[in-house]
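I opened this model to look up its core, its aromatic contacts and one of its helices. My notes are below.

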Amino acid sequence: MVNTTAWNRLRYSLYAPIYDLVATKTFCKPRRNALGQVDWEPGMRVLLVGAGTGLDLPYLPRELEIHLTDLTPAMVTRARERAEHAQRDVECRVMDAAALDYPDEHFDVVVMHLILAVMPKPEQGLTEAYRVLKNDGQLCVMDKFQPDSHAAGPSRRALNAITSLIATDITRQATPLLQQAGFTIRRDEPVLMNGLFRALLAIK
């Protein structure tokens with residue numbers, strides 16, 4: 001099974017020109033619902049990790065300081081264009097979610113949408129999110145997860161060998177990942193495909 005940072009950078013560079021066609025309509029409501037769980041306040045400093053082409057931007061309040069990162073330069077270019085078209089002041093940078101180039105306790109909110117199921121080591125991404133969040137900072141997650149009640153069975157693990165190569169891991173469990181990183185889960189709601197996709201709000 002191929003699931004490395006280099007492979008993700010390559011495949012998402014290839015996906016970038018058509019990414020919006022696939023992801024915009026499907027995930028508009030889940031994004032809005034996930035971001036609606038956050039307790040927003042004017043002036044908050046917010047980090048969008050693995051933000052792709054910036055599809056979360058329309059659902060964010062305007063009175064925020066927004067930083068956006070993605071592993072793939074092609075995605076960041078499109079996110080910057082989206083921000084400029086919407087007349088939003090967003091700092092867009094190419095960056096690995098597993099090695100964030102930001103100081104400790106720098107952000108009020110970290111958003112991780114559709115990235116934890118893609119990263120080779122999601123634990124590292126969550127460790128970094130925890131590090132850059134202020135005490136009592138909020139983590140907003142939306143992704144596909146295996147139910148917390150039981151681990152993936154043989155058939156799902158077999159299918160995962162294919163899905164993780166071309167798209168995403170389908171065997172990861174949200175609650176263990178977030179709790180092991182030190183987060184306390186405050187909200188957990190199904191948002192798509194009968195609960196395969198969930199929106200979680202966690203606190204540092």
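These entries follow the order in which I looked things up.

**Entry 1: the model and its annotation.** I am working from a predicted model. The unreviewed entry carries the annotation "domain: Methyltransferase type" over residues 48-140. I looked up the secondary structure of that stretch. Residues 48-140 are 26% helix and 30% strand. The end C-alpha atoms of the stretch are 9 Å apart.

**Entry 2: the nonpolar cores.** I asked which residues touch the most other members of the largest nonpolar core. They are Leu 48, Leu 57 and Leu 68, in a core of 33 residues. I then listed the elements that each supply at least two residues of this core: α1 (5-36), β1 (45-49), β2 (65-70), α2 (73-85), β3 (90-94), β4 (107-113), β5 (133-144) and β7 (197-203). Helix α1 gives the largest share, 6 residues.

I went back to Leu 48 for its contacts. Leaving out residues up to four places away in sequence, Leu 48 touches Asp 56, Leu 57, Leu 60, Ile 66, His 67, Leu 68, Thr 69 and Val 111. I also found another core, of 26 residues, lying apart from the largest one. Its members include Phe 107, Ile 115, Leu 133 and Val 141.

**Entry 3: aromatic rings.** I searched the whole structure for aromatic pairs and got 3. I noted one of them, Tyr 130 with Phe 183. This pair is edge-to-face, with 5.2 Å centre to centre and 80° between the planes. What does the pair tie together? Tyr 130 lies in helix α3 (residues 122-132), and Phe 183 lies in the loop between α5 (174-180) and β6 (184-192), so the pair links parts that are 53 residues apart in sequence.

Tyr 130 is partly exposed, at 28% relative accessible area. Phe 183 is buried, at 3%.

I then looked for charges over rings. Lys 204 lies over the face of Tyr 130, at 4.8 Å from the ring centre. Arg 93 lies over the face of Tyr 102, at 5.3 Å from the ring centre.

**Entry 4: helix α3.** Which residues of α3 are buried? I found Pro 122, Gly 125, Leu 126, Glu 128, Ala 129 and Val 132. Seen down the axis of α3, the buried residues fall within an arc of 160°, so they line one face of the helix. I looked up what the buried residues of α3 pack against, and found β1, β4, β5 and α5.

Conventions. Residues numbered from 1 in each chain as written. Predicted model: local features only at pLDDT ≥ 70, side-chain atom pairs only at ≥ 80, totals over all residues. Heavy atoms only, no water. UniProt positions renumbered as here; feature names shortened; annotations may be inferred. Helix = DSSP H or I, 4+ residues; strand = E, 2+ residues; numbered from the N terminus. Core = buried A, V, L, I, M, F, W, Y, C linked by side-chain atoms within 4.5 Å. Buried < 20%, exposed > 50% of the residue type's maximum accessible area, 1.4 Å probe, protein only. Contact = heavy atoms within 4.5 Å. Phe/Tyr/Trp six-rings, centres within 6.5 Å; stacked < 30°, edge-to-face > 60°. Lys NZ or Arg CZ within 6 Å of the ring centre and 35° of its normal. Arc of directions from axis to C-beta.
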